[in-house]
Amino acid sequence: MTTQENTQISKPTQRTICIKKSKDGFGFNVRGQVIEGGQIKSIHGELYAPLQHVSAVSDQGSAEQAGLRLGDKILQVNGKDVEGASHKQVVDLIKQSGDELHLVVIASNGDERRMMFFPSEHSSNNSNDYTERRSLAITIPDYSLLEANGEKFHVFNIYLAGRHLCSRRYREFDSLHQLLKQEHPDFPFNPLPKKWLFKLSDQQTDARRRGLEQYLEKICSVRAVGDSDLVQDFLFSDTYESASTPTYLELKVMLPDQSVSILKVQRFYSTDKVYEMLVEKIGLPKQCTRYFYLFESLDYHFERKLHPNEFPQQIYIHNCYSANSTCLSLRKFVFSPMIENQLLKYPLARNYLYRQAMDQLNSTTDYRSNFKTSDEAEYIKYAQSLTDIYNTITFPQCPCSSRKDNDYVILSLNSTRIHLHACTKDGQLDSEQIANFDWNTIGRYYLVDDGFIFEYKRSTVKSIKLQTLFGQFMLDCFECILNELQSLNNHEE
């Protein structure tokens, strides 16, 4: 076989794959850069922005049967171009799929997969570009003494943008160093702090900490190295959850008064557990706790309520590249003005409601300066009069089954109505296409794999499907509002 023929065979070609979801999902994992963007690179003569790749394929799973292969690079997800997309963006698109997932990938042959997972000096020289740099606030400010399986040892606590990612032993740094040198033999790695045969003094341990911090800072500043599977696994997983001295991580929660509460939690504490810790720390009266909860602030100025079984620490860590000090906040979760007014007799709850009302109205230009008062209860009651703004949750635009070609709508809801407003894909409103639904017309409502469905009754029972990532939050809002209305009706009777 000639060199020219070999080049033609090994050059990757694009292909389309349709994967049908099974009870175990689609049967593959993806991995790649965690930040959007990146430098365009040549892959076998073709220019591409950074691509997510298939890092695992389940044996005999749906993806394997459809022809997806380990190492395949993903160009499109359900018709959407994902060149340069972050890992979260690609995963979100996959989650939005229904029973079928359509991918466009660059085919990988055996040689290419071996180059990816068993790199040689030749492959590294051809595929790695170390010129793209970035500045990450990654530090190792301290270390801890742990005990596991009868052994005591130091772990070095790694932080990114002030958030505790993980804790690692020196020998784990050494293992990472050896693996990275194999994967990137042409990269000028700094040497690790030297090994010691005997027990280190506090001064020597701190010197080791500083050396490891400098090492980590350099490898993470180079995108080709820092975004590799080896470094990402090293940073975003923790192996000491079962240690007899557990590792506690720092978690920051923004309060409605813009102060930050810092909690010490373990990695897999549930939302309910973290919320209980926060409530105890800030002294929120138990009569008020059911009307507040933890929320996540998202990129498009939208806050979603966390599910009780989520892990806030994981959410906190995976948002570590955001500019804000934290993506988690304490927010009210109440819609009825009558119920909200019952909370005004508790000073802390009243202050939180007042602060949140100010934030909500100040973000709306028309109401920013219309009302001035230092009385918290008076301001809240003024806000309650603005029924289309206050105590109303508006969701990001999403495809809707009631529109032709499954076009987009914006859902907003409060204790008086459900509001669907037609819009374009980028959220531009159509002033002539609006639908309102009274709560007494609502029947069943439930989650589906790719969104949320609610039924309503007018002349007949009909249903509307919203294809959204926030189906669980929509369901929580429906349940909360209907429970509040039922409670008020029972009270009147």
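1. The charged end of Arg208 lies over the ring of Tyr170, 3.8 Å from the ring centre. The criterion is that NZ of Lys or CZ of Arg is within 6 Å of the ring centre and within 35 degrees of the ring normal. By this criterion the charged end of Lys305 sits over the ring of Phe333, at 5.2 Å from its centre.

2. The model is predicted: local features need pLDDT of at least 70, side-chain atom pairs count only at pLDDT 80 or more, and totals for chains, interfaces and linings use all residues. Residues are numbered from 1 along each chain as its sequence is written, and side-chain values use heavy atoms, with hydrogens and water left out.

3. The structure contains 22 aromatic pairs. Rings of Phe, Tyr and Trp (its six-membered ring) pair if their centres lie within 6.5 Å; planes under 30 degrees apart count as stacked, over 60 as edge-to-face and the rest as tilted. The Phe333 and Phe473 rings have centres 6.3 Å apart and planes at 40 degrees, so this pair is tilted. Phe333 is in the loop between strand S16 (328-332) and helix H12 (337-342), and Phe473 is in helix H15 (residues 471-492), 140 residues apart. Helices (H or I, at least four residues) and strands (E, at least two) are DSSP runs, numbered from the N terminus.

4. Phe333 counts as buried at 8% relative accessibility, and Phe473 is buried at 3%. Buried means under 20% relative accessible area, exposed over 50%, and partly exposed in between (1.4 Å probe, protein chains only).

5. For Trp439 and Phe478, the ring centres are 5.0 Å apart and the planes stand at 75 degrees, so the pair is edge-to-face. Trp439 belongs to the loop between strand S21 (429-437) and strand S22 (442-448) and Phe478 to helix H15, so the pair ties together parts 39 residues apart in sequence. Trp439 is buried, with a relative accessible area of 6%; for Phe478, also buried, the value is 0%.

6. An open sheet of three strands runs in the order S9-S10-S11 with antiparallel pairing. Two strands pair if DSSP finds at least two bridges between them. The edge strands, S9 (138-148) and S11 (163-168), each pair on one side only. S9 and strand S10 (residues 151-160) pair over nine bridges, and Ile138 stands opposite Leu160 in S10.
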